[in-house]
Structure formats: structure tokens, C-alpha cells
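I opened a notebook for this structure and went through it one point at a time. The entries follow in the order in which I looked things up.

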Amino acid sequence: QAFEGLTDIQISKLLRAADWKSFSAGEIVTRQDAPVDALYFIIKGRAQVEVDGVTVAHLETGTFIGEIAYLTGNPATARVVIEEPSRLLVFSRMRMAKVTAGDRQINGILYQVLGRDLAQKMRQANTRRVMEREPVMP
């Protein structure tokens, strides 16, 4: 479902452009305010998202890491730390540029996919903020 809208051939092209990487608990995937040279997709595992040293989210299997930096070209907005042994697909910016240049449809759908992922994360963050402000009923 993460790559919904892409054909099997397009997904195959993306997978050939990616590297599979195992991460151990405690490894840092992105550092806040540092450049990000890849887009990451959690195949299996869990990661913690920190902004200014405060945990703001946990990412699970099937979500992207580094999508804001990938989309904007700006440095990372958060520090992401692996919480448990994890397996990630790593899409280097350079290899992705070659794939998307060869198939413009992949580029458009990829932006849609990343937008959906980002919107879901924002909904979860907004819900969490509302819940934190509401008094707990006994």
C-alpha cells in the first residue's frame, strides 16, 4: 500500500535503485539540521523522531524517514533514531533522480505517496497534541 499507484514494473525499478540496510537499536538515521542524502523506508522495525531533543513521534513498519528533506532539499527537520533492530530500504537521492528522470510517472506518484505519508504523520501529531491538552476524565 505504501507504493500504491505504481505498476509492478515501476516498483521493480525503485527497488533496483534502493539498497537494503540493517540498523541496530540506537543508530541514527537522520540528524536534525543536517543534510539528508537519501529517502528511507522502514521495511521492518521502529524508529523514534526527536525535534530539539524532544520525542515527537514513533515510526513503524511501512513509513518513510527523511521525506521532508527529500521533497524540499532542505536539511532534516528531526533526528531519527532506530529503536529496535530494523531493516530499511535506502533510496539515494542520486539513484532516485536517475529512475525518476527515466519515468516521469514514477516521480509524480512518488510525490503523491510521500505526501500521503507526511499527511498521515501530521494527523497523528495533531491528534497527539489535542489528547495531551485534554484533561483525563476519571
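**Entry 1: Glu 27**

I began with Glu 27, which I found in the loop between strand S1 (18-23) and S2. Strands here are DSSP runs of E with at least two residues, helices are runs of H or I with at least four, and both are numbered from the N terminus. The model is a predicted one, in which local features need pLDDT of at least 70, side-chain atom pairs count only at pLDDT 80 or more, and totals for chains, interfaces and linings use all residues. Residues are numbered from 1 along each chain as its sequence is written, and side-chain values use heavy atoms, with hydrogens and water left out.

The scale is: buried under 20% relative accessible area, exposed over 50%, partly exposed in between, with a 1.4 Å probe and protein chains only.

I then listed the contacts of Glu 27, leaving out residues up to four places away in sequence: Ser 22, Val 80, Val 81 and Ile 82. Contact means heavy atoms within 4.5 Å. The Glu 27 side chain also reaches the backbone nitrogen of Ser 24, at 2.7 Å. That is a polar contact, a pair of N or O atoms within 3.5 Å; within protein, one must be able to donate a hydrogen and the other to accept it, and residues adjacent in sequence count only if both atoms are side-chain atoms.

**Entry 2: the whole chain**

I counted four helices and eight strands in the protein chain. Their order from the N terminus is α-β-β-β-β-β-β-α-β-β-α-α. The chain has 138 residues, of which 37% count as buried. Of the contacts between residues at least 6 apart in sequence, 76% join residues at least 24 apart.

**Entry 3: salt bridges**

How many salt bridges are there? The count is five, a salt bridge being a side-chain nitrogen of Lys or Arg within 4 Å of a carboxyl oxygen of Asp or Glu.

One of them joins Asp 103 and Lys 13, at 3.5 Å from N to O. Asp 103 is in the loop between H3 and helix H4 (104-133) and Lys 13 is in helix H1, so this pair ties together parts 90 residues apart in sequence. Asp 103 is buried at 13% relative accessibility, while Lys 13 is partly exposed at 28%.

Next I looked at Arg 46. Its salt bridge with Glu 60 has an N to O distance of 2.2 Å. Glu 60 lies in strand S5 and Arg 46 in strand S4, so parts 14 residues apart in sequence are tied together. Arg 46 also forms a salt bridge with Glu 83, the closest N and O atoms being 2.9 Å apart. Glu 83 is in the loop between strand S7 (79-82) and S8, so this pair ties together parts 37 residues apart in sequence. I recorded Arg 46, Glu 60 and Glu 83 as one network, joined by salt bridges that share partners.

**Entry 4: aromatic residues**

I found one aromatic pair. Phe 41 and Phe 64 form it; the pair is tilted, with 4.8 Å centre to centre and 55° between the planes. The rule takes rings of Phe, Tyr and Trp (its six-membered ring) with centres within 6.5 Å; planes under 30 degrees apart are stacked, over 60 edge-to-face, and the rest tilted. Phe 41 lies in strand S3 (residues 38-44) and Phe 64 in strand S6 (residues 64-65), so the pair ties together parts 23 residues apart in sequence. Both Phe 41 and Phe 64 are buried.

Phe 91 is in strand S8 (residues 86-92) and is buried at 1% relative accessibility. Beyond its neighbours within four places in sequence, Phe 91 has contacts that include Phe 3, Leu 14, Phe 41 and Met 96. Ala 38 is another contact of Phe 91; the two are 53 residues apart in sequence and 5.3 Å apart in space, C-alpha to C-alpha.

**Entry 5: positive phi**

Asp 33 has a positive phi of about 70° although it is not a glycine. Asp 33 sits in the loop between strand S2 (28-30) and S3 and is exposed, at 60% relative accessible area. For Asp 52, phi is also positive, near 50°. Asp 52 is in the loop between strand S4 (46-51) and strand S5 (54-60), and is exposed at 63% relative accessibility.
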